Amino acid sequence: MYCSVLSATVSGMEMIPVQVEADVSDGMPQFTMVGYVSAQVKEAQDRVRTALKNMGISLPPKRITINLSPADVRKEGSRFDLPIAAGVLMTLGRIPPGSLRKTMVLGELGLDGHVQEISGVFPAAAKARELGCTTLLVPAGNAAEGGLVGGLHVVGIQNLQELLNYCCEGKMPSLPSIENQKKEDGKEPDFSEVQGQTAARRAALIAAAGFHNLLMLGPPGSGKSMIARRIPTIMPPMSEEEQMEVTRIYSIAGMLAKGEGVRRERPFRAPHHTMTPQALAGGGKQPSPGEITLAHRGVLFLDELPEMTRTTIEILRQPLEEHRIVISRVSGNYVFPASFLMVAAMNPCPCGFYPDLSRCTCAPGDISRYLSRVSQPFLDRMDLCVQVEALSYEDLHGEERCESSAKMREKATAAAEIQAARYRQESIHFNSELKAGQIEKYCILEKAAEELLEDAFRRLRLSARSYHGIIRTARTIADLDGAVKIGVPHISEAICFRSADKSIWRI
Ligand SMILES: Nc1ncnc2c1ncn2[C@@H]1O[C@H](COP(=O)(O)OP(=O)(O)OP(=O)(O)O)[C@@H](O)[C@H]1O
Ligand SMILES: [Mg+2]
Ligand SMILES: [Zn+2]
């Protein structure tokens, strides 16, 4: 007796369909699994056998063979438990052979027969629909995620008994009601809570409007972390396509909360500076998304930048330029998207108070050693650099409420719409993505602005990369201004933000 159940495996960001074939024949009683399976998948046989036994179904003294095809794709994880159990039950005649036609089955089994949640259900659902399936059979906890892809009948089950009921009697399992997971933890962070810091707020707005990387330098407690955390609240809202992309990433990473719908908010990731290079870039034998991919379309915040190891910092160079990361394994190259806004924060010296010489207690040698942990090529990639000053008493107790996130987001969104219209023929969305060749076409400078830039180029000995960086940033500043041509005020503000690091790194 031979049966087959459709399932799927994750490979990088892709889902690959897998046929789980079960065969029962006379012969030496044994349970074998073949088809390029990892050790973890092999363990499925024990979980399936025990789970069935605990339901009162013992396997007959026959030879049971499970084959996962195609044979050239390595299968990882525990999502095959459920399709394997279904295949075995079918070959034993416990469920009708036709009951899982046009159905994709995924799920992990506990020893007592309950079905556990798995990662990657959202892209699996998309694949199922693409393959012409009508039904997706998944753990109950993943049903909402499967339902994000329309046009599929999603059946969420809690245990093997419900699988039997569904297949034999067509009885739909009753889903546990999903509470609407509204954020109850009070207020969302808002820019109106940040007092003073005019320059840093302005830099944050420009960064959010054009996706320009931002470096904040300043003494402890001046509000760097506070500002960084609020940047996603002023970025233009994600398009539907971007929401799907981000949801897919979080599904594959197994990070979609139970019952959570499509991700609508831009991600904010703030990995600790002690993270491993692998946690940042993504990795593992079967690579999974790292922090830079989890920050895709949102903010990657690196606090205490000089505390990070050189290797970890340098990993960022390629994705910052290419907006993706390629991870090579024996089994092939895996490409993960990594288009994020990088926001970094640091103290300018070990004690934190340089260049305020009345408070800084560091020796010049200590300061330069500290600063040299951040390499020049890395600094070159930070289009906006801003010094966040210690807050004065007047600032902290100012009566005036500062501009809210909603107001700032309005401005950033208007600038983003101008950019989207300008680049509708191109594959880019934001000014920061402009290639050298496109800059000439889209960034027209007024004569005086051009002269100002030429002068700055010589005087500040800019690199070609920062020269282009200034023009890109000035384009965003002009867009925030609603100006078609880039003028003197736009260029000079961009130069200011581009060269703020020069005064610090000079020593
Ligand atoms: N500009 C500000 N407006 C209002 N509150 C502020 C401001 N700056 C700092 N604070 C208060 O100080 C706390 C610490 O600020 P934050 O953590 O952002 O400082 P930081 O610059 O990141 O410091 P560190 O260098 O130590 O990381 C905030 O939680 C907030 O309560
Ligand atoms: Mg901080
Ligand atoms: Zn110091």
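**Chatting through the model**

Colleague: Let's start with two helices. At roughly what angle do the axes of helix H7 and helix H20 cross?

Modeller: The axes of helix H7 (residues 198-210) and helix H20 (residues 464-481) cross at roughly 95 degrees and come within 9 Å. An axis here is a line fitted to C-alpha atoms over the stretch in contact, and angles run from 0 to 180 degrees between N-to-C directions. Helices are DSSP runs (H or I) of at least four residues and strands are DSSP runs (E) of at least two, numbered from the N terminus.

Colleague: Parallel or perpendicular, then?

Modeller: H7 is roughly perpendicular to H20, a label for angles of 65 to 115 degrees.

Colleague: Which residues make the contact?

Modeller: From H7 there are Arg 202, Leu 205, Ile 206, Ala 209 and Gly 210. H20 supplies Thr 473, Thr 476, Ile 477 and Leu 480. Contact means heavy atoms within 4.5 Å.

Colleague: Before I go on, what am I looking at?

Modeller: This is a predicted model, where local features need pLDDT of at least 70 and side-chain atom pairs count only at pLDDT 80 or more, while totals for chains, interfaces and linings use all residues. Residues are numbered from 1 along each chain as its sequence is written, chains are lettered from A and ligands numbered from 1 in the order in which they are written, and side-chain values use heavy atoms, leaving out hydrogens and water.

Colleague: Thanks! Back to Arg 202: what does Arg 202 touch?

Modeller: Leaving aside neighbours within four places in sequence, Arg 202 is in contact with Ile 477, Leu 480, Glu 493 and Phe 497.

Colleague: And why does Arg 202 count as partly exposed?

Modeller: Because the relative accessibility of Arg 202 is 28%. Buried means under 20% relative accessible area, exposed over 50% and partly exposed in between, using a 1.4 Å probe and protein chains only.

Colleague: Changing topic: how many helices and strands are there?

Modeller: The protein has 21 helices and 18 strands. Its C-alpha atoms fill a box of roughly 85 × 45 × 45 Å along the principal axes.

Colleague: What share of the residues is buried?

Modeller: Of the 507 residues in the protein, 52% are buried. Among contacts between residues at least 6 apart in sequence, 73% join residues at least 24 apart.

Colleague: I can see a zinc ion. What are the protein donors of ligand 3?

Modeller: The SG atoms of Cys 349, Cys 351, Cys 360 and Cys 362, which lie 2.2 to 2.4 Å from the zinc ion. Donors are N, O and S atoms within 2.8 Å of the metal (3.2 Å for Na, K and Ca), and sites may look incomplete as water is not among the atoms.

Colleague: How are the donors spaced along the chain?

Modeller: The donors of the zinc ion follow C-x1-C-x8-C-x1-C. Both Cys 349 and Cys 362 are in the loop between strand S17 (341-346) and helix H14 (364-371), so this pair ties together parts that are 13 residues apart in sequence.

Colleague: What is the geometry of the zinc site?

Modeller: The site is tetrahedral, with angles of 106 to 112 degrees among the four donor atoms. Four donors get that label if all angles lie between 85 and 135 degrees.

Colleague: Are those cysteines buried or exposed?

Modeller: Cys 349 and Cys 362 are buried. Cys 360 is buried too, with a relative accessible area of 13%.

Colleague: What about cis peptide bonds?

Modeller: One runs from Ser 69 to Pro 70, with omega near 5 degrees. Pro 70 sits in the loop between strand S4 (63-69) and helix H3 (81-91). Another cis bond, from Tyr 354 to Pro 355, also has omega near 5 degrees, and Pro 355 belongs to the loop between S17 and H14.

Colleague: Last one: what is the phi of Gln 197?

Modeller: Near 55 degrees, a positive value in a residue other than glycine. Gln 197 is in the loop between helix H6 (160-169) and H7, and it is buried at 10% relative accessibility. Arg 297, not a glycine either, has a positive phi of about 70 degrees.

Terms used. Four donors count as tetrahedral if all angles lie between 85 and 135 degrees; four count as square planar and six as octahedral if opposite donors are over 155 degrees apart and all others between 65 and 115; anything else is irregular. Angles under 35 degrees count as roughly parallel, over 145 as roughly antiparallel, 65 to 115 as roughly perpendicular and the rest as oblique.
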